[in-house]
Amino acid sequence: MELTASPVKQCALELKLPIAQPLKIKQNEDFRAQLEAIKPDAIIVVGYGRIIPQWMLDLPPLGNINVHASLLPKYRGAAPIQWAIAQGETVTGVTTMKIDAGLDTGDMLLKGELPVDPADTSETLSPKLAAIGADLLVETLNRIKSIKPQPQDNSQASLAPILKKDDGRISFDRKADEIFNRLRGFQPWPGGFTSFRGKNLQVTQAKAVWQAIPPGELFVESTRLFVGCSAQSALEILELQPEGKKRMSAKDFIHGYHPKSGEKLGTGN
């Protein structure tokens, strides 16, 4: 719960670079005057998450450059890494772009691709994309005057909106691989959750299997736990967290709660 400087600020302090941390920039005349006095050739915006005011867009001759963690025009928005995994993408990447007044709609500069490992979650993929993005940004700045910006094809665009708690609610009417991808993408929050015997149940690790079990229905096989999904698929639940308890293996859950084949998840009873 301690306030900690970001790695960017820590590096700036070590290099004795001037730092400004305005609470807002949209109607901040002091901050505007600071930037105008610097007369920047370009402004770099990464992970800001708010609309850049028009005066700031118009200020640098080479534009405001953003590093976005998807292969635009796919996954415009606040959670591109999470939604790319949730949608089962096998390749994603980073795009440098010029910011305009829209939501990640500006002209593209450079792209870097990265395969998505089947075991990747948003937590493991994020640092990989950050490393690619850092190198791509340096290359973009070095070549900024020679790069020909490419307009985005809006017909190919998809949105990656900010995650909501309910995005983590598991619908067993989906296929098992779709649910599995959402579990991977929505780590650490909102995760994947359902209910068991009227109480919240977090599913923290699972894998998709082909097994015909009615959607939402449990099947217990010795120390293994399965739940049915659509299209004759199922999730094998490997780790879970009952309400008010610590994470536990499926084996420990079976020994402690004695779930029965045929019981349902997500019914609230």
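**Exercise 1.** Which residues do ring pairs link into a cluster?

*Solution.* Start with the rule: rings of Phe, Tyr and Trp (its six-membered ring) pair if their centres lie within 6.5 Å, and planes under 30 degrees apart count as stacked, over 60 as edge-to-face and the rest as tilted. The cluster is made up of F196, F253 and Y257.

Before we go on, a word on the model: it is predicted, local features need pLDDT of at least 70, side-chain atom pairs count only at pLDDT 80 or more, and totals for chains, interfaces and linings use all residues. Residues are numbered from 1 along each chain as its sequence is written, and side-chain values use heavy atoms, with hydrogens and water left out.

**Exercise 2.** Find how many aromatic pairs the whole structure has, and look at one that involves F31.

*Solution.* First, a search of the whole structure gives five aromatic pairs. Then place them: F31 is in helix α2 and W55 in helix α3 (residues 54-58), 24 residues apart. Helices here are DSSP runs (H or I, at least four residues), and strands are too (E, at least two), numbered from the N terminus. Finally, both F31 and W55 are buried, that is, under 20% relative accessible area, where exposed is over 50% and partly exposed in between (1.4 Å probe, protein chains only).

**Exercise 3.** Describe the surroundings of H68.

*Solution.* Locate H68 in strand β2 (residues 64-68). With a relative accessible area of 5%, H68 is buried. Its side chain reaches the backbone oxygen of Y75 at 2.8 Å.

Terms used:
A polar contact is a pair of N or O atoms within 3.5 Å; within protein, one must be able to donate a hydrogen and the other to accept it, and residues adjacent in sequence count only if both atoms are side-chain atoms. Contact means heavy atoms within 4.5 Å. Lists of a residue's contacts leave out its neighbours within four places in sequence.
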